[in-house]
Structures are given as structure tokens and as C-alpha cells.
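This report covers a few strands and helices, taken in turn. Please keep the sequence and the structure in view while reading.

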Amino acid sequence: MSLDPAADQRFFQSTTRDFLARTVPVGTVRALGASGTGFDRTWWQRGAELGWTAMLVPEEFGGGTVSGRPMTELALVAAELGRACAPGPFVTTNAVLAGLTSEASRFAEALTAIAAGETIATWAVYEPGRGFDALSPGSGRAARTRAEPDGRGYRLNGVKDRVESADQADLFLVTAESADGPVQLLVPADTPGVSVTPAWTLDLVRRTARVMFEDVAVPAHAVQVGAGAADAIRAQARTAAALTAAEMVGATDTALAATSTWLFDRYTFGRQLASYQALKHRMADNKTWLEACRATATAAAAAWDDDPASAEEAISIAKSYVGAKAPVIAQDCVQLHGGIGVTWEHDLHLYLRRITLGRALYGTPEEHRRHITDLLDTAAA
């Protein structure tokens with residue numbers, strides 16, 4: 001496995017980096033954080049035109065890849081979004097696309113609109129007081145959100161929280177439970193019975209909300225049921241975890257680079273902070289951990305491209321390792337900055353927020369380690 005992108009991937013990466021530098025510098029991120037919305041929809045559509053939402057979508061529905069390795073390319077974008085601490089529903093949108101493409105012809109209209117950036121779609125999977133159960137759908141830990149047949153489709157009732165970009169979403173892909181097992185329902189945000197309540201979120205621009213579904217009518221053509229739904233949920237979980245790990249690597253890279261610059265610029269007792277051996281050792285440890293994070297995240301994306309169905313272990317390894325190490329690196333960056341590192345005016349806290357939220361979303365390190373043991377038990381049986 002090569003850690004270096006191919007030439008066409010590097011061009012795609014640099015195009016994304018330049019676009020983010022022009023359109024969402026840190027000052028703009030701060031302004032968006034203070035506004036009523038986490039991102040601008042016109043800006044998101046421009047990102048979609050660059051290919052951010054196209055990699056997992058078949059070409060006949062407006063998709064396509066640069067090099068034929070969609071997750072590797074998406075991971076490059078995720079890292080750049082993390083590096084810029086940029087807004088937007090990148091992870092959750094691509095998770096939805098990963099689930100819908102399993103039945104692409106049935107969801108053709110939605111796939112085309114999402115790929116074009118005209119429609120914002122988000123995954124409603126978390127439930128109050130529960131962890132990330134999507135790692136093992138149908139394992140016996142049933143969702144409390146229920147969908148019951150009504151003769152023409154399903155009636156959906158329940159509550160979801162930690163729903164990314166819910167206040168701007170046009171479509172919710174809701175993971176629920178039915179008499180037939182796991183079920184997924186594609187629900188327009190303006191459907192009667194759907195209500196969205198924004199929630200406080202640590203990240204200034206990657207916002208979440210609580211969504212309630214009260215006797216929501218969903219037609220049969222917008223529903224995935226049984227084994228098909230379980231497979232789609234697993235694909236969504238793999239996609240969201242892999243991209244979140246890549247995004248955290250990008251954010252951590254920026255935090256560590258800023259800290260290195262600070263240590264060379266700051267003097268104490270007539271010497272650069274970077275000249276002190278104890279600080280050199282801490283930075284060396286952090287750099288080593290960061291490169292290990294980058295390697296595991298890259299390997300996870302490569303495994304997804306080689307065989308998505310067998311990539312679960314590599315993705316859980318990446319999400320658990322990056323989720324454990326990236327917050328430690330970021331916290332040490334704050335400490336190495338001294339007092340200025342804990343001020344609102346310094347940008348470091350923006351990256352610490354992104355990394356900390358990334359640790360919690362789409363499986364904590366503990367949840368992914370348990371999933372790895374489950375996979376090993378299954379393989380040994």
C-alpha cells in the first residue's frame with residue numbers, strides 16, 4: 001500500500017485544498033460558527049461540483065471517480081476538510097450515498113440530486129442514550145425507532161439525536177426497526193410529523209440536532225427492509241467511520257504543524273522553545289503517532305476500495321486508533337502553546353473541537369475495539 005496519492009489524486013487533492021483556502025479560511029469558519037447556519041448551501045453545491053459527492057454514485061446518476069478508487073479519493077477530501085476545519089455535511093452525505101447505491105435504480109432521483117449538491121441528505125442513526133449500534137445491525141440490539149406497515153408503506157415513530165446538519169437537510173435516511181428486522185426509510189424533511197430541534201454541539205460548524213418522527217407516512221418505494229437494509233447500514237457505518245478518521249488526521253496535522261511553528265517562533269531565556277530536549281521528545285512522539293494515524297486511515301480507505309464487504313476490520317482499526325491518539329496529540333498541542341493555547345482568539349481550539357467530536361461520532365474507540373473482537377470471534381467460529 002502506498003501512502004502517496006497518484007498524480008491524478010494529487011491534482012484532485014490540491015484543487016480541493018485551494019478551493020477551501022479561498023472560500024472558507026479560518027475567519028469564515030468562525031463567522032459561520034457565530035451565525036445561525038453551519039454552512040452555506042451555495043458553497044456546498046460548488047464543493048459537489050468538484051466531486052465531493054460523486055465518488056460513490058454510478059456514472060449514470062451523475063457520479064464518477066478520478067482514479068477508480070472512490071474511498072481513497074473521498075479520504076483525501078475528508079483530510080483537507082479537517083485540515084481547514086471546514087463546514088458541510090461531507091461525512092453524513094457520503095454515508096447516505098453508500099447506503100442508497102445498493103439499490104441505485106430505485107433511488108435514482110435522490111442519488112442524482114444529492115450528487116449534484118442540490119439536495120442535502122443526512123443519516124439519522126443515533127438514538128438518545130444509545131451508542132453507535134449501526135456497526136452490527138440485526139445483532140439483537142433493536143432500535144427504539146419503529147416503522148410499522150400500514151398497507152401502503154410504513155408509519156415511522158421515534159426520536160433520533162446527533163443528526164448531522166439536520167437543520168439544513170432536505171432528506172433524512174432513518175435507520176429504524178420493523179417486524180421484518182432492520183429498516184431504512186428515506187424521509188423528506190418537510191413530511192408531516194417530522195420536527196427538528198437544533199442541539200448544542202462542540203464543533204462550531206459541524207452541527208447536530210434532535211429529530212422527532214411522529215406517525216410519519218413513508219411510501220414503500222422509499223424503504224429498505226431486512227437483509228438489504230442491514231447490508232446498507234453496514235456500508236454506511238464503514239463509510240462514515242473511514243471518512244471521520246481521515247478528517248481527524250487532517251485536523252491533527254494542522255494542529256501539530258501550528259505547534260511546530262510556535263515552538264520555533266517562541267523564545268524563552270534567549271532560546272527557541274524548539275531547542276529544549278523535553279519538548280523535542282514530545283513533538284517526536286506526536287509526529288510518530290500522527291503518521292501512524294495517517295497510515296491506518298489510508299489503509300482503511302484502501303481496504304474499502306479493494307473489497308468494501310471485507311474492510312470492516314481495517315476501518316475499525318483506523319477509527320479506534322485515530323480516535324484514541326488524535327485527541328491526545330491535539331491536547332498536547334494546546335499544552336505546548338501555553339496560555340495562548342486556551343484562548344478563544346487562538347485557532348487551536350477549533351481543531352480540538354473537530355477532533356473531539358470526530359472521536360465520538362460513528363463509533364468511539366471503545367465501540368470499534370469491541371467490534372474488532374466480534375469480527376475475530378466470528379472468524380474463529
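## Strands

Strand S4 (residues 171-178) and strand S5 pair in the antiparallel sense, with eight bridges between them. Two strands count as paired if DSSP finds at least two bridges between them. Helices (H or I, at least four residues) and strands (E, at least two) are DSSP runs, numbered from the N terminus. S4 and S5 form a hairpin, and two residues lie between them. Within this pair, Phe-172 is opposite Val-187 of S5.

S5 also pairs with strand S8 (residues 223-225), again in the antiparallel sense, over three bridges. Here Gln-184 stands opposite Gln-224 in S8. S5 itself spans residues 181-188 and is mostly covered, since seven of its eight residues are buried. Buried means under 20% relative accessible area, exposed means over 50%, and partly exposed lies in between (1.4 Å probe, protein chains only). In a regular strand, side chains alternate between the two faces of the sheet.

## The model

This is a predicted model, in which local features need pLDDT of at least 70 and side-chain atom pairs count only at pLDDT 80 or more, while totals for chains, interfaces and linings use all residues. Residues are numbered from 1 along each chain as its sequence is written, and side-chain values use heavy atoms, with hydrogens and water left out.

## Helix H4

Helix H4 (residues 70-84) has 15 residues. From its first C-alpha to its last it reaches 21 Å, close to the expected 21 Å; the expected span is 1.5 Å times one less than the number of residues. Of the 15 residues in H4, 14 are buried. Cys-85 follows H4 and has a positive phi, near 55°.

## Helices H9 and H11

The axes of helix H9 (residues 312-337) and helix H11 (residues 365-380) come within 8 Å and cross at roughly 150°. Axes are lines fitted to C-alpha atoms, for helices over the stretch in contact, and angles run from 0 to 180 degrees between N-to-C directions. The angle makes H9 roughly antiparallel to H11; angles over 145 degrees count as roughly antiparallel, under 35 as roughly parallel, 65 to 115 as roughly perpendicular and the rest as oblique.

Residues in this contact (heavy atoms within 4.5 Å) include Glu-312 and Gly-323 of H9 and Pro-365 and Leu-376 of H11.

## Thr-239

Thr-239 lies in helix H7 (residues 227-265). Thr-239 is buried, with a relative accessible area of 0%. Not counting residues up to four places away in sequence, Thr-239 touches Leu-56, Met-71, Asn-94, Ala-95, Ala-98 and Trp-304.
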